[in-house]
Amino acid sequence: MKLVKSIINGGLAKYIKRYSAIFVVDATTSVGLFYLWNKGYKYLVPTASLCCIGGTYLYGLAKSREKISSNQAVVVIGCDSGLGYSLALHCRQLGASVIASVLQIDGPAAKNLEQEGIHVYPLDVTQIDSVENFVGSVRTVLTERNYALRCLVNNAAKMIFGEFEWQTDEQLRNQVEVNLLGTMRITRELMPMIRAYSSRIIVISSHCSIQPLPGVAAYSSTKAALSAWTTAIRVELKKYGVKVVSFIPGSFVKESNILARQAEHFEAMRRSMSEEARTFYGDYFDTYSQYFASVTQGTKLEKLQDSRIYEVFEDALLDKYPSAIYKNEPWRYFVYHTLFRITPICVRDLLVLKFVQGPPWTKRNINESSSNLHKLRENISGVSDWKVQARNSDTSANEKKTTDK
C-alpha cells in the first residue's frame, strides 16, 4: 500500500501533471473522432487520428527530459539563504553532485549544505580574486572526482528597497556589481569548463525585468540588463552546444534574507540625504522605511516551501529542448502582468502602484513638504541676509578706518 501511494504521489503524479495538457487534448479529440465516425465521416477519422498521434509524439518529444546522475555537477552561486540555498539542496536530492558558493563560509547555510554532502566554497562575485579562487576550486573538484559540469545556476543577487533619489552611490554600485557584473564575471571565468562539457546556464531573473517597479528601480534595471545579456549569450553559445535559459522564480521575500539588512540601508540613506531632501520628504521617508523594514526582516534559514518553484526549476534544468524563459507565476502575478502588457500607460502606472502596495504619497505629505520647504527657504534667506549685513558692516568699518587715517 505504501509503495502504491509513493508511486502515485511521486513520479506518476508528476508525469500526469507534466503531460496533463496533451491528455486533455487527446481525450477531447477522441470524443470528436467518435462523433465523426458515427456521422459517417469514415475516411476523415483515420487522417485525423494520425494527425493526433503525430501531435502527441511531437509534444512528448518537446517535453522529454535528460536524466541527471551523481557524476554530474551543478554549480549554484549565492547559497547563503533563500533560493540559492534551496536549489542547492534540491539538486542534491535529484541525485546530482553540487558545488555551492556562499558569501559567509562560517555561516549556518555553509554548515548545513556541507552536512548534505555538498561542496561549499566562499565567493564574492564583486572581487576578481575571489572569483578566480572559486573557479579554481570548481576545476579541482571536477578533475579529482571525475565529474562533468552539467549546469551553472547564476543566483547571486542584491536588492535594496528605497526610492532612487534616496539610494547612495555605494548602494547603487553594489547592486550593479553583484546582480549584473558579478554574474557576467563568474560566467566568463567558468566558460572554458562550460564549453568543454556542453553545460547549461540558468540565469535567475525576476518579474522586475519584465515590469520595473517603483522602490526597486536600481534592482529592476540590473535584472532588465541581465535579461538582455541572457538573450544575447543564448544565441552566441548555441553553436557551441551550450544552452542558456532564464528562470523567474516568483516572490519569496519573507522566506529569504536578501532584504535582511534593509533597516541598515535606510539608515545609510537618511545619513546621506541633503538638508533639502530631508525636509522635502519629511514623515514620508520615515513611514516608507518603517513599512519596508518591518516586512523584510531576516528569516530562519530553511528550504523554500513553494513546490511549484522546484517543478519549474526542474524543467529549466532537465528539459532536452529548453524554452528561453521559465516562470513560476502565481495567478496574481499572471493577472497583473497581463494587464501591464495590454492597458494604456496611465492605467498601467496605477496598476503598478496597486501591485507594489507601498505607503502612499498623500495630500498631507504634500502640504507638510511645502510648509517645511518654505521654512527652510526662510531660514536660508535669513542666514543670507545676516551674512550680507555682516559683510556691509565690515565694509563700513574698514572704510571708516581708512578715512580716519
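How close do the axes of helix α5 and helix α6 come, and at what angle do they cross?

1. Basis. This is a predicted model, in which local features need pLDDT of at least 70, side-chain atom pairs count only at pLDDT 80 or more, and totals for chains, interfaces and linings use all residues. Residues are numbered from 1 along each chain as its sequence is written, and side-chain values use heavy atoms, with hydrogens and water left out.

2. Helices α5 and α6. The axes of α5 (residues 82-93) and α6 (residues 108-115) come within 11 Å and cross at roughly 5 degrees. The α5 helix is therefore roughly parallel to α6 (angles under 35 degrees). Axes here are lines fitted to C-alpha atoms, for helices over the stretch in contact, with angles from 0 to 180 degrees between N-to-C directions. Tyr85, Ala88 and Leu89 of α5 meet Ala109, Asn112 and Leu113 of α6, contact being heavy atoms within 4.5 Å. By class, this contact has 5 nonpolar, 1 polar and no charged residues (Ala, Val, Leu, Ile, Met, Phe, Trp, Tyr, Cys and Pro count as nonpolar, Asp, Glu, Lys and Arg as charged, the others, Gly among them, as polar).

3. Chain totals. There are 16 helices and 7 strands, taken as DSSP runs (H or I, at least four residues; E, at least two) and numbered from the N terminus. Of the 405 residues, 40% count as buried (under 20% relative accessible area; exposed is over 50%, partly exposed in between; 1.4 Å probe, protein chains only). Of the contacts between residues at least 6 apart in sequence, 73% join residues at least 24 apart.

4. Aromatic pairs. The structure holds 18 of them, a pair being rings of Phe, Tyr and Trp (its six-membered ring) with centres within 6.5 Å; planes under 30 degrees apart count as stacked, over 60 as edge-to-face and the rest as tilted. The rings of phenylalanine 280 and tryptophan 361 are stacked, because their centres are 5.6 Å apart and their planes at 25 degrees. Phenylalanine 280 is in helix α11 (residues 275-281) and tryptophan 361 in the loop between α15 and α16, 81 residues apart. Phenylalanine 280 is partly exposed at 27% relative accessibility, as is tryptophan 361 at 34%.

5. A second pair. Tyrosine 336 and phenylalanine 355 are edge-to-face, with centres 5.1 Å apart and planes at 65 degrees. Tyrosine 336 lies in helix α14 (residues 331-342) and phenylalanine 355 in helix α15, so the pair ties together parts 19 residues apart in sequence. Both residues are buried.

6. Cluster. One aromatic cluster includes Phe161, Trp166, Phe266, Phe280 and Trp361.

Definitions and conventions
Angles under 35 degrees count as roughly parallel, over 145 as roughly antiparallel, 65 to 115 as roughly perpendicular and the rest as oblique.
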